[in-house]
Amino acid sequence: MSSDADLLADRRNLRRKLTLWRLLAVLGVIAAAVVAGLAWSGNAPGSTSRAHIARVTISGFISGDRRTLDLIKSLEDSRASAVVVRIDSPGGTTSGSEALHIALRSLAAKKPMVAVVDGLAASGGYIAAMGADRIVARQTSLVGSIGVLFQIPNVGRLLDTVGVKVEEIKSSPLKAAPNGFEPTSPEARAALQRVVEDNYDWFKRLVGDRRKLGETEIAVVSDGRVYSGRQAVGLKLVDEIGGEPEAIAWLEREKNVAKDLPVRDWRRRNESSSFGLWSAGEAMARAAGLESLAVILARAADQPVGLRLDAPLALWQPVAEK
């Protein structure tokens, strides 16, 4: 009898647990439906369907990936009253940085835009910053590194050591040079140097045009070094010392952006899903007023993008002393 009573008690406990989980599941579905409805109608606390200031973050290696460019393009016809571009990047490929700059300039023609250097805007990162109407940087931010490089590892001696020889047949001596399997010829080095110099001239012309610098001023700032935010202000590479509050104050003061508008993060869509688990969690956190949790979930939703490093780079690479 005792065992039968215990079995009945266990079954009752199991039913209670099942009932609880079913209730929680139903509540979760209802909550998700409410959040989705609010987002669709533009009434959710984190909605981008109402007037707001859009925050776009440019961080890490700049490759000119399509998701980032599409995101910037989508802002042109959005309800955003202005755009804050948060930059923390050492740069990337020259062509990728150029594509990003062009996209930002196109957006700046329709929306007031200010760049905030949050740590680093070097090389391609600085090219991105120049896409905005104004650049704000912290005193200790690193800005500049105006220059171009081309790098390729040479493993020729390693292959000789292990007894591997790479044979090739090509249409001309400069085809696919340098290839990393043999020493770079003087002719190939000279050809690549001309490519680097042409990219470098483009970079300097861009700085002169966007920052209104003369040839003498450009020569001073374009030797490849980085500057602190305070130094950059004196060299006219940056307009103001500060962070996002100062950037928004400038938008309100100079661009007639309404005061106290909410700032909303605009992120690249996840390639695998437009509304995945992380995105749903972020929306629910914003609806509940948990902005800090929403930011954490937003970062978790981001996925790294595959990179190719076989192009000229506008990239800051600090080198350790040997």
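Let me start with K204 and D201, whose side chains meet in a salt bridge at 3.9 Å, N to O. By salt bridge I mean a side-chain nitrogen of Lys or Arg within 4 Å of a carboxyl oxygen of Asp or Glu. This is a predicted model, in which local features need pLDDT of at least 70 and side-chain atom pairs count only at pLDDT 80 or more, while totals for chains, interfaces and linings use all residues. Residues are numbered from 1 along each chain as its sequence is written, and side-chain values use heavy atoms, with hydrogens and water left out.

Both K204 and D201 sit in helix α6, residues 186-211, three residues apart, which is about one turn of the helix. Helices (H or I, at least four residues) and strands (E, at least two) are DSSP runs, numbered from the N terminus. K204 is partly exposed, at a relative accessible area of 23%, and D201 is partly exposed too, at 34%. The cut-offs are these: buried is under 20% relative accessible area, exposed is over 50%, and partly exposed is in between, with a 1.4 Å probe and protein chains only.

In general, side chains of opposite charge can pair when their charged atoms come close. In this model the count comes to 15 salt bridges. Another one of them joins D265 and R55, at 3.0 Å, N to O. D265 lies in strand β8 and R55 in strand β1, so this pair ties together parts that are 210 residues apart in sequence. D265 counts as partly exposed at 22% relative accessibility, while R55 counts as buried at 17%.

Next, K259 and E252. The closest N and O atoms of this salt bridge are 3.7 Å apart. Elsewhere, salt bridges that share partners join R55, E244 and D265 into one network.

Staying with E252, its place is in helix α9. The backbone nitrogen of D260 lies 3.3 Å from a polar atom of the E252 side chain. That is a polar contact, meaning a pair of N or O atoms within 3.5 Å; within protein, one must be able to donate a hydrogen and the other to accept it, and residues adjacent in sequence count only if both atoms are side-chain atoms. What else does E252 touch, leaving aside neighbours within four places in sequence? E252 is in contact with V257, A258, K259 and D260, where contact means heavy atoms within 4.5 Å.

Now helix α9 as a whole, residues 244-254. Its buried residues are E244, A247, I248, W250, L251 and E252. They pack against β1 (52-62), β2 (80-93), β3 (113-122), β4 (134-137) and β8 (263-266). Just after α9, N256 takes a positive phi of about 55 degrees.

On that subject, most residues other than glycine have a negative phi, and most peptide bonds are trans. S145 has a positive phi, near 55 degrees, and is not a glycine. S145 is found in the loop between β5 (142-144) and α5, and is buried, with a relative accessible area of 5%. K212 also has a positive phi of about 55 degrees without being a glycine. K212 is in the loop between α6 and α7 (215-221), and counts as exposed at 63% relative accessibility.

Then the surface. L158, V162, V164, V166 and F181 make a nonpolar surface patch of about 440 Å². Patches are made of residues with over 30% relative accessible area and no salt bridge; like charges are joined within 9 Å, and nonpolar side chains (Val, Leu, Ile, Met, Phe, Trp, Tyr) within 5 Å. The accessible areas come from the Shrake-Rupley method with a 1.4 Å probe, and for residues only the protein chains shown count as cover. L158 lies in helix α5, residues 156-162, and is exposed, at 53% relative accessible area.

Last, confidence. pLDDT is the predictor's confidence in each residue, from 0 to 100. The protein chain averages 80, and 69% of the residues score at least 70.
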